[in-house]
Amino acid sequence: MLTLGKMDGKAGGDAICRALEEMMSAGANLEELLGRAVELLHSSNRRFHWTGIYELFPDNVLRLGPFIGAPTDHVFIAVGRGVCGTAVAEGRNINVPDVSKAPDYLACSAATRSELVVLIRRDGTLFGQIDIDSHQVDAFNDRTVDRVEKVADCLAGAYALRRKRAARKGRQV
């Protein structure tokens, strides 16, 4: 079986990664994997009220990919703006327990109280991020963060594999 994630012992996320690996082995493309990852993550925790993936493009803009939850006006986010853009600019995951205290928070919903942004990256390359909002303050404990990080690592493996295959075919991704 194809292994997308680096098995680093992180708790949780294993079942989601196995499902994604099975999809890859069956020939699913990256867009299908991203959509399924969002579905599985969103349904894994009742505190997840908005779950989506933003992909980073060469123009330093995050572009919204698949998501579950209320529609958002934030389809494009510049690197450095809001929690999502700040995570990319600083190269780190961000868990905001109370968005009312975040200085550059971009509100997607008036009901959002906390936000988690986990980068999708591998070997120095940043591909995008998983963004999760909750209507509860302090919704993301360490176990939850670990699970989302595990899924992000699996997705990073899928992005890296796509890049490698494209390079063999002489295409830029």
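Predicted model: local features only at pLDDT ≥ 70, side-chain atom pairs only at ≥ 80, totals over all residues.
Visitor: How many residues does H2 have, and how far does it reach from its first C-alpha to its last?
Guide: Helix H2 covers residues 30-43, which is 14 residues, and it reaches 20 Å between those two C-alpha atoms, close to the 20 Å expected at 1.5 Å a residue.

Visitor: What sits at the start of H2?
Guide: There, a side-chain oxygen of Asn 29 comes to within 3.1 Å of the backbone nitrogen of Glu 31.

Visitor: And which residues in H2 are buried?
Guide: The buried ones are Leu 30, Leu 33, Leu 34, Gly 35, Ala 37, Val 38, Leu 40, Leu 41 and His 42, and the elements they pack against are helices H1 (14-25) and H4 (142-168) together with strands S1 (50-57), S2 (61-68) and S6 (125-134).

Visitor: Switching to the strands, in what order do they form the sheet?
Guide: The six strands make an open sheet with antiparallel pairing, in the order S3-S2-S1-S6-S5-S4. Its edge strands are S3 (76-78) and S4 (94-96), each of which pairs on one side only, and neighbouring strands are turned by 25° against each other on average, with direction ignored.

Visitor: How many bridges join S2 to S3?
Guide: Three bridges join these antiparallel strands, and Leu 62 has Ile 77 in S3 as its bridge partner.

Visitor: Where does H2 touch the sheet?
Guide: H2 packs on it by touching S1, S2 and S6, and the direction of H2 makes about 150° with that of S1.

Visitor: Which strands does H3 lie across?
Guide: Helix H3 (residues 82-90) lies across S1, S2, S3, S4, S5 (114-122) and S6, and runs at about 35° to S5.

Note on methods:
Residues numbered from 1 in each chain as written. Heavy atoms only, no water. Helix = DSSP H or I, 4+ residues; strand = E, 2+ residues; numbered from the N terminus. Expected span 1.5 Å × (residues − 1). Buried < 20%, exposed > 50% of the residue type's maximum accessible area, 1.4 Å probe, protein only. Contact = heavy atoms within 4.5 Å. Polar contact = N/O pair within 3.5 Å; in protein donor to acceptor, adjacent residues only side chain to side chain. Pairing = 2+ DSSP bridges. Axes fitted to C-alpha atoms, helices over the stretch in contact; angles between N-to-C directions.
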